[in-house]
Amino acid sequence: MADALSSLGKAMFDDVPWEALEMGNGMAVMAQKLPSAVLQRFNEPPGPALNAGGRCLITGDPTPEEDQKVIADAIFTWARELGAIDFAHWFFPLRGGCGAVGGMLGAFKRDTLIDLEFGSKFVTKPMKACLPHERLFQGETDGSSFPNGGLRVTHSAAAFTTWDRASPPFVTDKCLYIPCAFVTHFGKCIDEKTPLLRSMDAVKTSGLRLLKAINIGTDAKTMHSYLGWEQEFFVLSAALYKARPDLVNTGRTLFGKLPTRHQQGDLNYFQPIPGKVQELLDIVQAEMLKVGCPMAVKHNEVAPGQHEMSPVFRTANVSCDSNVLFMEVMNREAAKLGLQVLFHEKPFAGINGSGKHANWSVGTDTGLNFFYPGKNEAGAKLYVTAIACLAYGLAQYNEMVRCTVAHSGNDHRLGAQESPNLGFEQFVESIVKGGDLLGYKAEKKKQETGCSAAMHIEANVEDRNRTAPFPFCGNRFEFRAVGSSQNCCLPVMVCNAVMSAGMAHLAGLVEGGMSHRDAVAKVFQENKHVIFTGNGYSAEWPVEAQKRGLPNLNTTPKAVATWNSEKNKKLFETLKIYTAEETEARQEVMYENYISALCCEVETMIQMTETGFLPACAKDLEKYKGVEKLAGNRKAIYDSIIDQLEKLKAAFEKKPHSSLSEEATYLCDSIKPQMAALRAAVDKAEGASWRTLLAGPGG
């Protein structure tokens, strides 16, 4: 029996490319192939013997040109060994995510790994296979053809890509991907990654300042922010997907009656993954392993056809890169199997939507996790201090955090299948009243199973409040409100920003003469209203939130209107994340994305109704000529479709154009209700004569 199990285990892992984990890690390969001096200057801790003042990734110093050549040659050799024939500067323009089926968040063009031999004496230069160092570290492309919030114009279009040196290149689909920041000719960011990288610098600056002020972890030389994403998605037949104009155009069904059986029996969550989907997920897992991103989890989600995959934690910029790549790989591999992946937040009405829970934390290069209670007094004090800093950031910049997940897809998401938890509000109150910072007991708890076959359970320090948009999870915080189609960069950037603001504020109090304990107490006293450990799905919570002075920005236009407040602009400028102009531009892009998504949905609804549903209704009525009694109330139901369609068309024609905010608000408040009314009419007709409407669009 043991031999049989051993053979089975070996067979299970024979096809897993474990060696790819090492080969796909660009940084690990660089460590193997680069001369030690080059590696030290690029990627190892500073020391007295190192020139350029220490490693470039800490100091921000440019990589010396001679080092660039050595690095480019090493990466070229490695990429060719993995079968690369092209390379690409890969970046994240401000496209937004709503409606994206995947593969739409990143941007790149392929360049060949061949160049002229410029050192040749011949007039007609011969060719050679290579990766020129200047093309590894920098590129140029058209910046005016991407959303830019007015930072670019067609007659001044140049924009530049520059390698994010902290994110290793990787090879996929015979192409060497080089993760890049994307800025204009004048250094303005018009992408998702550049602000994230700036926010990571802000975490480093504010975090080291805080550690010095409270005299904990002062041996740290840098700080990192980390991300582990949980990507939810739906998988369906590509043929059925292509038959639905609404899915193709918008990423979600604009019509469709909820079937009799859906998720009400709670039968789908964690059930066996369907065979064809399992094949897809296995392939994607192997492909992600090849680029150095091991996937940790794959399982069925709550809704029928809904699934999830998530990777091992990594630094925030690398993790954001891997998530965008994951979405690209999912759709590329799904197409080969006749499948389609949907990343929209709410592709099907009436059942669970999809999120991308962003598990976020910050820590030092010496191993201190700010959100882990720790095993000694210093760790316990740091934990309590960090929670105070985060409470400050979330309370003072609540609207900013809300904006990061505000888009048309996320407006459809509703909570379900989740439960409240206990919390540590009482401990906060004790500190405010003069208690010690060490009063919080962080021991893990033993829970008895009540049976002899199963051992007792070691529970986490805290349970997780899955009804909260930002719950504590034992050693990290989980930003649950992030939408499944989004790029993680913006939400994580703002997490970094508000945490940096809190760390700088608390450090300032201590530097001004206040004791560590009193500074934490003061911050909690002024910001404890943002800490809530009860049921965030209860009807009482919105009332309680209003009492606490917390904003209820329940639509995208309401949230986006707050983005460019003077308070937000000042913080971004102080932390050197956005200039005021860049903050304004980001708001403009948010509005544009919302408006374009809604307009596309309206136009698709009108087209589907006029060219599909109404002809199908007429055909159905034709069957009942002479026997009208058998038709029941069909005519009245079908007439209501025409009535609601005309109302939608008339309302859409009145859409204002005076400002983006006014247009977005009108679409939200006036057009969306009428879209819902038209859908209700069509869905009622489907219930009356579903076979007929199946002949319409999406049948």
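Colleague: In which loop does Lys576 lie?

Modeller: Happy to start there. This is a predicted model, so the reading rules matter: local features need pLDDT of at least 70, side-chain atom pairs count only at pLDDT 80 or more, and totals for chains, interfaces and linings use all residues. Residues are numbered from 1 along each chain as its sequence is written, and side-chain values use heavy atoms, with hydrogens and water left out. Helices (DSSP H or I, at least four residues) and strands (E, at least two) are numbered from the N terminus, and Lys576 lies in the loop between helix H20 (566-574) and helix H21 (580-622).

Colleague: Is Lys576 buried or exposed?

Modeller: The classes rest on relative accessible area with a 1.4 Å probe and protein chains only: buried is under 20%, exposed over 50%, and partly exposed in between. Lys576 has a value of 68%, so Lys576 is exposed.

Colleague: What is the phi of Lys576 near?

Modeller: Most residues other than glycine have a negative phi. Lys576 is a residue other than glycine with a positive value, and its phi is near 60°.

Colleague: And what is the phi of Asn215 near?

Modeller: Asn215 sits in the loop between helix H8 (193-214) and strand E9 (223-237). With 62% relative accessibility, Asn215 counts as exposed. Its phi is positive too, in a residue other than glycine, and near 60°.

Colleague: How do the directions of H22 and H23 relate?

Modeller: Axes here are lines fitted to C-alpha atoms, for helices over the stretch in contact, and angles run from 0 to 180 degrees between N-to-C directions. The axes of helix H22 (residues 634-653) and helix H23 (residues 660-688) come within 9 Å and cross at roughly 160°. Angles under 35 degrees count as roughly parallel, over 145 as roughly antiparallel, 65 to 115 as roughly perpendicular and the rest as oblique. H22 is therefore, relative to H23, roughly antiparallel.

Colleague: How many nonpolar residues are in the contact of H22 with H23?

Modeller: Contact means heavy atoms within 4.5 Å. Residues of H22 including Ile637, Ile641 and Leu648 meet residues of H23, among them Leu667, Ile671 and Leu678. Ala, Val, Leu, Ile, Met, Phe, Trp, Tyr, Cys and Pro count as nonpolar, Asp, Glu, Lys and Arg as charged, and the others, Gly among them, as polar. The contact of H22 with H23 has three charged and three polar residues, and the nonpolar ones number 17.

Colleague: Which residues does Glu663 contact, leaving aside neighbours within four places in sequence?

Modeller: Glu663 lies in helix H23. A relative accessible area of 10% makes Glu663 buried. Beyond its sequence neighbours within four places, its contacts are Ile595, Lys655, Pro656 and His657.

Colleague: What kind of pair do the rings of Phe42 and Trp163 form?

Modeller: Rings of Phe, Tyr and Trp (its six-membered ring) pair if their centres lie within 6.5 Å; planes under 30 degrees apart count as stacked, over 60 as edge-to-face and the rest as tilted. The count by this rule is 23 aromatic pairs. For Phe42 and Trp163 the centres are 5.8 Å apart and the planes are at 25°, so the pair is stacked.

Colleague: How many residues apart are Phe42 and Trp163?

Modeller: Phe42 counts as buried at 1% relative accessibility, and Trp163 counts as buried at 4%. The pair links distant parts of the chain, helix H4 (residues 36-43) and strand E6 (residues 158-163), with a separation of 121 residues.

Colleague: And what kind of pair do Trp90 and Phe92 form?

Modeller: Trp90 is buried, with 1% relative accessible area. Ring pairs link Trp90, Phe92, Phe108, Phe170 and Tyr177 into a cluster. The ring centres of Trp90 and Phe92 are 5.0 Å apart with planes at 85°, so the pair is edge-to-face.
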